[in-house]
Amino acid sequence: MIIKGKKRLCGQIRVPGDKSISHRGVMIGSIAEGETIIENILLSEDTIRTIECFRQMGVNIDIEDCRVKIKGVGLNGLKDPNKVLDCGNSGTAMRLISGILVGQQFPTTLIGDDSLNKRPMDRIIVPLSKMGANIKGVDYKYPPLKILPSKTPLESIDYELPVASAQVKSSILLACLYSNGKTRIIEKNPTRDHTERMLNYFGAHIIKEKDYIYMEPKGKFIAKNIYVPGDISSAAFLIVAATIIEGSSVIIKDVGLNPTRTGIINVINDMGGSIKIENVRILNNETIGDIHASYSPLKGIEIQEEILGTLIDEIPIIAVAAAFAKGKTIIKNAEELKYKETNRIKAMVNELKNMDANIIELPDGLIIEGKEKLKPATLKSYNDHRIAMALSIAAFNTEGESIIDNHECVNISYPNFYETLFQLEH
Ligand SMILES: O=C(O)C1=C[C@@H](OP(=O)(O)O)[C@@H](O)[C@H](O)C1
Ligand SMILES: C=C(OP(=O)(O)O)C(=O)O
């Protein structure tokens, strides 16, 4: 992909449906009783993997544009897929589906691509095994995962999350549907709570009190319709682009504003960015609204550990904002970035350095001293969608032509990213 800087971005757009909510809608709709219609679902490489996994287990899922109709089979209605389930590049698919599979009476194997095969699965193997599940990975840690039927029901657990991870929390909550009692999860720093919200919306009873999440199993779920808000993690690229490119002003309609996801808005505001939120309302237990971001000079800040879980996927694009801000931005305690589709700390350091940014790699984060200008360059995406999009925005704010390799990886979460970006150019 050739990116030619530097034009202002103006206009009103939508971003595709939220990836986390789309995955969960398919999973929970599949094990509910009755028909779930999901509107504005994200149809990207990751979410299509989840749809295909449930189709293979006998769930009838019809896709028409961005609307899917799921004939839920109930908690115990999934069928033996008789072949491996392929999660592709998606950590969310593998970790959350495992939570459902440990409660089934048939064996399954979950596989992934080269990137997913390097991502740690012991973080779900440990708690699910404590619940009595029979789940094994390569070297106790990596995909493929082999799951065998275990004694039913599973045991409820009391578990403190060793890492801030919504995927681990969600995997345990989904397994809890197949357990015998009240599970308590201790979560010290908040992470996205879409699973809790959606399970409650479908009739479960999950309570959050301070750092504790309590859940009891539920006999059955009744299907519900869902409208998926726009993905704030996709909107983040355009928010930062509008903020750093002089003369820009972009309105993004109907974006998910769940408070466990809005860390990016707080950070850009704290950096001095101009972001207005309008038209806020609640839809199927999730907050949704419009975001208006305009050009405003930014200053560096220190990002606190407590909020990292609310912006974990936005750190690559925050690094880009910081590279153009006045002063120093410090991000620490973000080791989790090493276990995503690629090591996102290293990837951003290497490529922003290539553009002449002042950036230092820490074992668990980054220090960036902003500059007025960066230079165009030939950049590596590491086949990671968030890195490709973050670097594309950095390149957009330079004078000249940059090249991003393997830009097609944006199809993992935001298939029409480049069309939208070019549509906003003025
Ligand atoms: O639960 C989810 O939908 C997600 C949780 C996060 O992962 P972790 O739970 O590994 O932090 C995030 O990085 C990922 O893009 C989506
Ligand atoms: C880390 C991500 O997704 P996943 O963990 O589902 O692969 C992401 O979308 O940035």
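**View 1. Helix 7, residues 232–244, in a predicted model.** Helices here are DSSP runs of H or I with at least four residues and strands are E runs of at least two, both numbered from the N terminus. Because 13 of its 13 residues are buried (20 or more other C-beta atoms, placed from the backbone, within 10 Å of a residue's own), helix 7 is largely enclosed by the rest of the structure.

A word on reading these views: this is a predicted model, in which local features need pLDDT of at least 70, side-chain atom pairs count only at pLDDT 80 or more, and totals for chains, interfaces and linings use all residues. Residues are numbered from 1 along each chain as its sequence is written, while chains are lettered from A and ligands numbered from 1 in the order in which they are written.

**View 2. Asp 313, annotated "active site" in an unreviewed UniProt entry.** Such annotations may be inferred rather than shown by experiment; positions follow the numbering used here, and feature names are shortened. Look for Asp 313 in the loop between strand 18 (302–303) and helix 9 (315–323). Asp 313 is buried, with 23 other C-beta atoms within 10 Å. Beyond neighbours within four places in sequence, Asp 313 is in contact (C-beta atoms, placed from the backbone, within 7 Å) with Ser 233 and Arg 386.

View 3. The residues around ligand 2 (C-beta atom, placed from the backbone, within 6 Å) include Asp 46, Asp 313 and Arg 386.

Methods. A residue is buried if 20 or more other C-beta atoms lie within 10 Å of its own, exposed if 12 or fewer, and partly exposed in between; C-beta atoms are placed from the backbone. Two residues are in contact if their C-beta atoms, placed from the backbone, lie within 7 Å. The expected span of a helix is 1.5 Å times one less than its number of residues.
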